[in-house]
Amino acid sequence: RLNEEIAFFQSGARRDWLPFVLWEGDCASRLELIGDIPPGNAMYMFEKTDMELAKDVLGDVVCLNGNVPPSLLNTGAADDVDAYCKNLIEMVGKGGGFVLNGGIGIPDEAKTENVVAMAQSVHKYARDFFWKRVKLFTQSWNTSPRLYDAVSENDVSIPVSDGIALNADMVRPDTVEPVPV
């Protein structure tokens, strides 16, 4: 059974909402299914999914977030973290729509020098790539205007077309009427 965390980020003065979904485990077999949303309306964080494959399938649809393995951050050497991040930035960063992060965020147990190496890798390898060639969120990136207050719900079952139900804690608009996506 898949478990996802769905959160919404409020962006600045426009008060738009951006769904941020954490996909746990390896979701390679479901990338086309989870990519069936309007382009530019979500950020997906992947724990173990091949990010190059995710970029190929979802790169024009969502902003990708992840996925430096927690095991590397916890037990690896700073040079190994740097090399992994460089590869990820060069592979997944092309064309924009990528946020370098841990596979499920930064573990509490991560070595300080590895977190520093990860942060420094963005400055070393992404600066020219992102700031001179592309924008993180492309000009076609849009979110729906905020029309409703938010309600938090826990342990929500979300049916998926292949018969699986996703369990999630989520924040949703406070309305029973259909909302723009």
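**Reading burial, contacts and packing**

Modeller: Asp108 counts as exposed, at 77% relative accessibility, where exposed means over 50% relative accessible area, buried under 20% and partly exposed in between, with a 1.4 Å probe and protein chains only. This is a predicted model, in which local features need pLDDT of at least 70 and side-chain atom pairs count only at pLDDT 80 or more, while totals for chains, interfaces and linings use all residues. Residues are numbered from 1 along each chain as its sequence is written, and side-chain values use heavy atoms, with hydrogens and water left out.

Colleague: Where does Asp108 lie?

Modeller: Helices (H or I, at least four residues) and strands (E, at least two) are DSSP runs numbered from the N terminus, and Asp108 lies in the loop between strand E5 (98-102) and helix H5 (112-133). Its C-alpha is 9.9 Å from that of Leu73, although 35 residues separate the two in sequence.

Colleague: Is Pro107 buried or exposed?

Modeller: Pro107, in the loop between E5 and H5, counts as buried, at 16% relative accessibility. Contact means heavy atoms within 4.5 Å, and, leaving aside neighbours within four places in sequence, Pro107 is in contact with Pro70, Leu73 and Asn74.

Colleague: What does Ala117 touch?

Modeller: Ala117 is found in helix H5 and is buried, with a relative accessible area of 8%; not counting residues up to four places away in sequence, Ala117 touches Ala78, Val81 and Asp82.

Colleague: Which residues does Thr49 touch?

Modeller: Thr49 sits in the loop between strand E3 (43-46) and H2, where it is buried with a relative accessible area of 1%. Beyond residues up to four places away in sequence, Thr49 touches Gly25, Asp26, Cys27, Ala28, Leu31, Ala54 and Asn67.

Colleague: How many residues does the largest nonpolar core have?

Modeller: A nonpolar core is a set of buried Ala, Val, Leu, Ile, Met, Phe, Trp, Tyr and Cys residues joined through side-chain atoms within 4.5 Å. The largest one here has 30 residues, and those with the most contacts inside it are Tyr44, Phe46 and Leu64; the largest share of this core, six residues, comes from H4. Apart from it lies another core, of six residues, among them Leu18, Phe20, Met45 and Cys63.

Colleague: At what angle do the axes of H2 and H4 cross?

Modeller: Axes are lines fitted to C-alpha atoms, for helices over the stretch in contact, and angles run from 0 to 180 degrees between N-to-C directions. The axes of helix H2 (residues 51-58) and helix H4 (residues 78-92) come within 9 Å and cross at roughly 15 degrees. That makes H2 roughly parallel to H4, since angles under 35 degrees count as roughly parallel, over 145 as roughly antiparallel, 65 to 115 as roughly perpendicular and the rest as oblique.

Colleague: Which residues make the contact?

Modeller: Met51, Glu52 and Lys55 of H2 meet Leu88, Met91 and Val92 of H4.

Colleague: How many helices and strands are there in the protein chain?

Modeller: The protein chain contains five helices and seven strands, and buried residues make up 40% of its 181 residues. Among contacts between residues at least 6 apart in sequence, 56% join residues at least 24 apart.
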